[in-house]
Amino acid sequence: MSEIPDFQAIADEAVASIAAADDLNALEQARVRFVGRKAPLTEVLGSIGSLPSRDRGRVGKEGNAARKAIEAALDSRHAMLEGEAMGSALLADRADVTLPGDHFALGALHPITQVRLEVEEIFLGMGFSVADGPEIETGFNNFTALNTPDGHPARSESDTFFIAGGEHDEVLLRTQTSPVQIRTMQTTEPPVYVIAPGTVYRRDDVDATHSPMFHQVEGLAVDEGLSFANLKGTITYFLQQLLGDRDVRVIPHFFPFTEPSVDVSVAWTDRHGRTDWLEVAGAGMVDPNVFANVGYDPERWTGFAFGFGLDRIAMIRHQISDIRLLYEGDLRFLEQFS
Amino acid sequence: MKLPLEWLREQIATSLTDEQIAERLTATGTAVEKVITRGIADTPSNRESFLVGKVLTCDQHPDADRLHVLSIDTGHDEPRQIVCGAPNVAVGQTVAVAIPGAVMPGGQKLGKAKLRGVESLGMVCSATELELADGSDGILVLSDDLVAGTPLLDALPSPGPVLELEVTPNRGDCQGIHGIAREVHTITGEPLPALDLSLPAEDGPGQVGDHVSLTVEATDLCPRYMARVLVDVTVGPSPDWMVRRLEAAGMRSINNVVDITNYVMLLTAQPLHAFDLDHLAGPAIVVRRATDGEKIVTLDGQERTLGTDNLVIADAGKPAVIAGIFGAEFAEVSGSTTRVLLEAATFDGPNIIRTSLGLGLRTESSARFEKGQPRELPPYAMALACRLLTDLAGAKLVPGVLDAHEQSPAAPVITLRHQRVGHILGVDITADESAITLERLGCTVDRGADAHTVTVPWHRVADLQREIDLIEEVGRIHGFDEIEALLPRVTARARLAPEQTIVRQLARRAAALGLSEAISYRFVPEADLDRLGIPVDDSVRNVVRISNALSDEMAVMRRSLLPGLLRAVERNQSHQRRDGGIFEVGRTYIPAADGLAGEPEEITALLFGAPGARGWRQSPEDVDVWSATGLGIALARAAGIEADSAPGAEEPFLHPVRQARITAHGHRIGIAGEVHPAVLQAFDVKGPVVIVTLWIADLARQRPAEPRKYVDLISVPVSTRDLAVIVPDSVPASRVLEVVREAGGDLVREVEVFDHYDGDQVPDGHVSLAVRAHIADPGRTLTDDEIDAVTDRAMTALREAVGAVLRS
């Protein structure tokens, strides 16, 4: 070896070849050619010991610089070609993202249950407990103790389901959740703050707006110093929590077991944009007779009671026009509420 | 009740507008359900665009057989061309014309139109289009003496707005227009003229007792019966103003005598009855209970059978009226009537209700008697009716009155404490304000510093009995909208019972697992018990029975949630839904000795077909017994309960050998399994269907008192070892797991089955079971030797306890 190679020229040629390599195979050939074991540059650098000592420094320095430049070019070209290869492989694996994704089976609580749970949460947050009572009730608890005496039309066979063979007292399917008031007051001393959600029964034929079985929530508060203002405050807060911040109206009405009694409505805008009062609940101050029936002193304790239908609220809220849908177990209906 | 506002304004001259009357009545307790406006609105523009017209010419339309082209004089300079399709149109008629700009009663505005190429500058109206009638043939033809161009509103006065009121059951006094007028008086303080008790001249022949006798036998059901006799009565049509008022109030005009009784009732709330005295045998009036099986043919032509609970007004022989409800044809006033017996009576409200319900007959009259009318009211109604009969039917009033009258209850005298008013209502109302309100309502108030002494007027005795009743009156007139809404300071502590928490946990878990909640009717057909295969002597056959069920399909209270869910499956399958999950949380009803029922609550979850995620690349498998047990365990776990499946369930409605008990700590908390094919067939359901039922009370008993404690499976390595054994198939898998667990002591954290096989390589009567034990000591890392020792112990135990052979 008499001549020192032109390292710059080698490097330039190699870089040009590397740049021209358009796939990983061509790049490998370039690597073998320029920095492989038998490549001229490799051989020069391998035989540096046989060079005259004055050339060794320069050859080593320039040769290694050339090698580094070539390897850098190889690496970057390799990274680029690999990226391109992966890119095209990915492109070949195109997915139609408009095909439906995997299904996850979604169940739903019944819309009535969903409303009931919300109602319970609101009242639990206000300090009301959730009470419970039997659906098969005595005439006393369902009517008499609530100021609805014998002979009242609500107690007739055409309005109320009676249980056959009730011997000592009239036994019936409760027509309201109000008897839970009586049971609660018979077994606890005031103060009382409870709601009682439950299933009730009235002898209506089934049609789009009537069901012989439906759901109510009863509320009862008895304490010292409770007034009509507290009734209004409680029912207004509750309805605004449940149905949104809308106007609430109370107007006088009549119920046998409260006095004064009121009808409670919320301002509601229908789908035609008309706003009207929508009656949602009945309420009132507990009648002193009811307190007397359960042994509370009406001079010391005052209280209020309210009741409303869960079916009705669920139907209003979800724009369900036929009450029968609630009781048919049709998954096309139920699964909409998941 | 329908309240024509012009009639109300006749009773009380009030400065309130129609809108204010509606708003204030609603706010004080007489809810206005709607405002009915009939006819064309009385606006300046409508006075110019609804006009009387005269038909000058009437020619056939050139291009339409059924249309005519009219020329009409509407008082303008030029006749008006109008195209008309009515069959009864003719030259010379006086008609009602609406010209462009008119707003029809429905609200639409009339414009010019072209009908089949001919211009029409208005419309000739029918009575229906003007809302003067509910149906009419052709156009309305008016009286010829009307002048063309007269505003129609002057020629045909509009009936004006009518309020549809909801009168609450405690307010019998508001079932008459005068009672509503008293409400307006109480609201505004504007003067209310009293009802007039004056009678017309009693110039009829003889005395009333010469014409008829009165006997009230059933004084308990008829506290007052008043009768007067009028002679020389001319029955004929009523004057227009009376007809209009009756129709606006929702009643039809019959003849002047009947109309007067209805008119007086609408005004005073006191129903009256007019008899043709010449058709009463005796002539006598006997107020008595009907005899058992006694018959009456009522005015609607129906024969009705009465009983001793029904009160009748009879003549000497037979019933002429079902008291307070409906009359018989023979004694009614007709065109030939000249002598009238007029009844004004008071009947027992509850008895009227029972009779009315029993006969399915409710009338304007019975609706008023139901609420119990005061016995002071009849003289007022009687006086007004007599005045009207002499004025409008030429009647002569026979002197004297028959009046059988029980003692009225004393008017209540009530102490109203000022402090109590504020205490109940939560608002300061002055003693003066409450006194004024009560006085306007008709009370006499003796004002006091701490309390008023209040005497209730006769027309409110039925509902004003106690201090609280007066407080309600003061409050409602003050206005509930004026009372501030204040949240109470709740002094109780809220909580949920364990059962309530469990129900919430399980329902939410079931929904999270893809099942949807159904609510079924709790009353079911008794035949469900047969469909479920419940043996005839089983205690489950003991059901709560409804005595007045709507149908056999709703005859008994359910003993199981399964039939309701199976019916839901049937319904879903009927519209090609092949798979799904449904659950229900609810009570079953077990008759109890005290006549009431035990009402245990349960959750039943049902899977049918191959539920779960299904898509273009997902296909779940059909359910079987293990779907049911697994679901049961997952549900119980939601309440913090570790459950197992165990043999020993024997429910007739489940597959005899593919059902399990679900247990916790060895106690049964539920059942799970495949629904028996015979049951599926009985409910017309296609299998597979599996269910799990968990009883809430049993879950509550097994629910851990403490929250779950964390077990460290993270900081110490857990090793797994697999054991594959062949055991006789009589050995339950749970026993194999139990043996491994016991052999490992505290070191075996968990054991699971990961393979089960009973194919070719397994000897007959045996199964191959592969179990995986997770082994760890919470305190330290175990050596391999220690772990192997555990599996050796387990294998030995399996050999000894269940005859297991290690599978090679």
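Predicted model: local features only at pLDDT ≥ 70, side-chain atom pairs only at ≥ 80, totals over all residues.
For chain B the average pLDDT is 92, and 99% of the residues score at least 70.

Two domains are assigned to chain A, namely domain 1 (7-91) and domain 2 (111-337). Their C-alpha centres lie 88 Å apart. The assignment for chain B gives domain 1 (2-38 + 161-188), domain 2 (44-155), domain 3 (208-405), domain 4 (413-482), domain 5 (498-702) and domain 6 (719-806). Between domain 1 of chain B and domain 4 of chain B, the separation of the centres, taken over C-alpha atoms, is 22 Å. In this pair, 11 residues of domain 1 of chain B are in contact with 12 residues of domain 4 of chain B. Helix 5 (residues 177-188) of chain B provides the largest share of the domain 1 side, with 4 residues. By residue class, that side of domain 1 of chain B divides into 2 nonpolar, 6 polar and 3 charged residues.

The contact between the chains involves 76 residues from chain A and 77 residues from chain B. On the side of chain A that touches chain B, at least two residues are supplied by each of several elements, including helix 5 (111-126), strand 4 (192-201), strand 5 (213-223), helix 8 (228-243), strand 6 (248-255) and strand 7 (258-269) of chain A. Helix 8 of chain A gives the most to this side, with 8 residues. The residues of the chain A side comprise 42 nonpolar, 20 polar and 14 charged.

Strand 7 of chain A also takes part in strand pairing: 10 bridges join strand 7 to strand 8 of chain A, and the two run antiparallel. Within this pair, Thr269(A) is placed opposite Thr275(A) of strand 8. The two strands form a hairpin with 5 residues between them, and in the turn Gly273(A) has a positive phi of about 85°. Strand 8 of chain A is in turn joined to strand 9 of chain A by 5 bridges, again in an antiparallel arrangement. Here Gly284(A) stands opposite Ala305(A) in strand 9. Strand 8 (275-286) and strand 9 (302-309) of chain A, together with helix 5, strand 4 and strand 5 of chain A, are among the elements that cover the buried residues of helix 10 of chain A. Those buried residues of helix 10 (residues 310-318) are Leu310(A), Asp311(A), Ile313(A), Ala314(A) and Met315(A). Just after helix 10 of chain A, Gln319(A) adopts a positive phi of about 55°.

In chain B, an open sheet of 3 strands is ordered 1-11-2, with antiparallel pairing. Strand 1 (2-4) and strand 2 (31-37) of chain B are at the edges with a single partner strand each, so one side of each has no neighbour in the sheet. From one strand to the next, the twist averages 30°. Strand 1 of chain B pairs with strand 11 (residues 161-166) of chain B over 3 bridges in the antiparallel sense, and Lys2(B) stands opposite Glu164(B) in strand 11.

A second open sheet of chain B contains 4 strands in the order 39-40-38-41, with antiparallel pairing. Its edge strands are strand 39 (748-757) and strand 41 (805-806) of chain B, each of which pairs on one side only. Strand 38 (residues 719-728) and strand 40 (residues 766-775) of chain B are paired in the antiparallel sense over 10 bridges, and Ala770(B) in strand 40 is the bridge partner of Ala724(B). Helix 21 (residues 733-744) of chain B lies across strand 38, strand 39 and strand 40 of chain B, at about 35° to strand 40. Helix 22 (residues 784-802) of chain B also packs on the sheet, touching strand 38, strand 39, strand 40 and strand 41, and its direction makes about 15° with that of strand 38 of chain B.

Elsewhere in chain B, Ile603(B) lies in strand 33 (residues 601-608). Ile603(B) counts as buried because 25 other C-beta atoms lie within 10 Å, the cut-off being 20 or more. With neighbours within four places in sequence left aside, Ile603(B) is in contact with Leu506(B), Phe583(B), Val585(B), Leu635(B) and Leu694(B).

Definitions and conventions
Residues numbered from 1 in each chain as written. Chains lettered and ligands numbered in written order. Domains from an automatic or database assignment. Contact = placed C-beta atoms within 7 Å. Nonpolar A, V, L, I, M, F, W, Y, C, P; charged D, E, K, R; others polar. pLDDT = per-residue confidence, 0-100. Pairing = 2+ DSSP bridges. Axes fitted to C-alpha atoms, helices over the stretch in contact; angles between N-to-C directions. Buried ≥ 20, exposed ≤ 12 C-beta atoms within 10 Å, placed from the backbone.
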